[in-house]
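The following report describes sheets, cores and aromatic contacts in the structure shown below.

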Amino acid sequence: MSAKATPPVYGLVLAGGKSTRMQRDKATLSYRDGKTQLEWAMQLVGSHAERTFVSVRPGQDDPVRARFEQIVDTREGLGPIAGILAAQARYPDAAWLVVACDLPFIDNSTLAYLLAERDPARQATAFRSGHFGHPKHNGLPEPLCAIYEPSSREAILAHISAGKDCPRKFLINADTKLLDQPNPRALDNVNTPEEYGSAMANLNLNAPATRKHIKVQYYALLREQAGRSDEALETAARTPRELYEELKGRHPFSLAPEMLRVAVNAEFGEWTQPLADGDSVVFIPPVAGG
C-alpha cells in the first residue's frame, strides 16, 4: 500500500480588502523597482508555489488584478477568511500558501522557512506573531502568512457556520504547527499613509525615485511668495516634505514646514506620507488674526 501523496502547494495573495485606512488601494502601492505591491507579492509567492492566484472581491476587475489568475470571494462580509474558503472550494486537494498583499517586508527566506517546516499532517502551519521584545508580540498565530492544508477546509466551514470569521481564532483552535519568525519584521503590515511612509524609509530603497505629476495649490503668504495660486509640475519627491523642500528652490518661501499644514487630495495628511502620480497637494499657512 503506497503512502498518501503530499498535497501540492498553491499560492494565494489576499488583495480583496477595501484599503479604507490607507485611502488608496494597497495593492497598487509601489515599494521597490517600480512594481506594485501586488505584482511583487505575486512574484514572491509564485516562486514557492505550483500555481498562484490573487484573491479578490466580486467586481474587483481593475487592471492591476486582472493581469493575474483570480479567485473571487463567494461569501461577503467575512474578510480574509472568505478568500481562503473560496480558494479551497476551487482546489480542495491543494494546500494553500496564503499571504496578504500588505506585507512589504515579507522576504524569500521567510516563505522558504515556512515551507521547509510545513507539516502536511497538521491542519495548518503558521508563524507566531512578532518575537520577544517586539511591540506586537503575543505569541498568537499569524493567519495571513500561513499554509492551510486540505484537512482544514471542513474545520474552516464549521468555524464560519458557528458565526465566526476571524482566521487567527481559527488557527488558535485548529491543529496548527506554530513557528518562530526568522525575520521579526517580515510580517509587519501597512494599513495607513503614515505606515506606508515609514515602510518606505525603513526599506531604504536605493533605486531612483519615480517621477510623478503633482498639482500644488498655494494660499495666503505662500501664494504671494510663489506669485501664483497653483502650479502643475513633474517631480521625484516621495513625500510632501520633499516636495516642499524642492519648491523652496523655485520660490522664496519663508515658512518652515513645521508652520504649515499639508493636505493631499483634499484630506489633511502627514509630511511623511507617500505621494502618487496625479495627487493634488495644498500647503496651508497659519491663519492670521484672533
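Strand 12 (residues 261-264) and strand 14 run antiparallel and are joined by 4 bridges. Two strands are taken to pair if DSSP finds at least two bridges between them, and both helices (H or I, at least four residues) and strands (E, at least two) are DSSP runs numbered from the N terminus. The model is a predicted one, in which local features need pLDDT of at least 70 and side-chain atom pairs count only at pLDDT 80 or more, whereas totals for chains, interfaces and linings use all residues. Residues are numbered from 1 along each chain as its sequence is written, and side-chain values use heavy atoms, with hydrogens and water left out.

Val216 has Val281 of strand 14 as its bridge partner, and Gln217 stands opposite Val282 in strand 14.

Glu270 is found in the loop between strand 13 and strand 14. Its relative accessibility is 38%, so Glu270 counts as partly exposed; buried means under 20% relative accessible area, exposed over 50%, and partly exposed in between (1.4 Å probe, protein chains only). Leaving aside residues up to four places away in sequence, Glu270 touches Glu194, Pro240 and Val262, where contact means heavy atoms within 4.5 Å. Between Glu270 and Thr239 the C-alpha to C-alpha distance is 8.7 Å, with 31 residues separating them in sequence.

Strand 4 and strand 5 pair in the parallel sense over 3 bridges, and Ser55 stands opposite Ile71 in strand 5.

The largest nonpolar core has 28 residues, and Leu38, Leu97, Ile106, Leu111 and Cys145 have the most contacts inside it. A core of this kind is a set of buried Ala, Val, Leu, Ile, Met, Phe, Trp, Tyr and Cys residues joined through side-chain atoms within 4.5 Å. Strand 1, helix 1 (37-46), strand 4, strand 6, helix 4 (108-116) and strand 8 (141-148) each supply at least two of its residues. Helix 1 gives the largest share, 6 residues. Leu97 has contacts that include Val9, Tyr10, Leu111 and Ile147. Another core lies apart from this one, with 24 residues, among them Ala82, Ala86, Trp96 and Ala174.

## Aromatic contacts

The whole structure contains 12 aromatic pairs. Rings of Phe, Tyr and Trp (its six-membered ring) pair if their centres lie within 6.5 Å; planes under 30 degrees apart count as stacked, over 60 as edge-to-face and the rest as tilted. Two pairs are tabulated.

| Pair | Centre distance | Plane angle | Class |
|---|---|---|---|
| Tyr10 and Trp96 | 5.6 Å | 85 degrees | edge-to-face |
| Phe53 and Tyr91 | 5.5 Å | 35 degrees | tilted |

Tyr10 in strand 1 (residues 9-14) and Trp96 in strand 6 (residues 95-100) are 86 residues apart, so the pair links distant parts of the chain. Both Tyr10 and Trp96 are buried. Phe53 in strand 4 (residues 52-56) and Tyr91, in the loop between helix 3 (80-90) and strand 6, are 38 residues apart. Phe53 is buried at 0% relative accessibility, whereas Tyr91 is partly exposed at 22%.

One aromatic cluster is formed by Tyr218, Tyr244, Phe253, Trp271 and Phe283. Arginine side chains also lie over rings: Arg185 is over the face of Phe105, at 4.2 Å from the ring centre, and Arg261 is over the face of Phe268, at 3.8 Å. The criterion is that NZ of Lys or CZ of Arg is within 6 Å of the ring centre and within 35 degrees of the ring normal.
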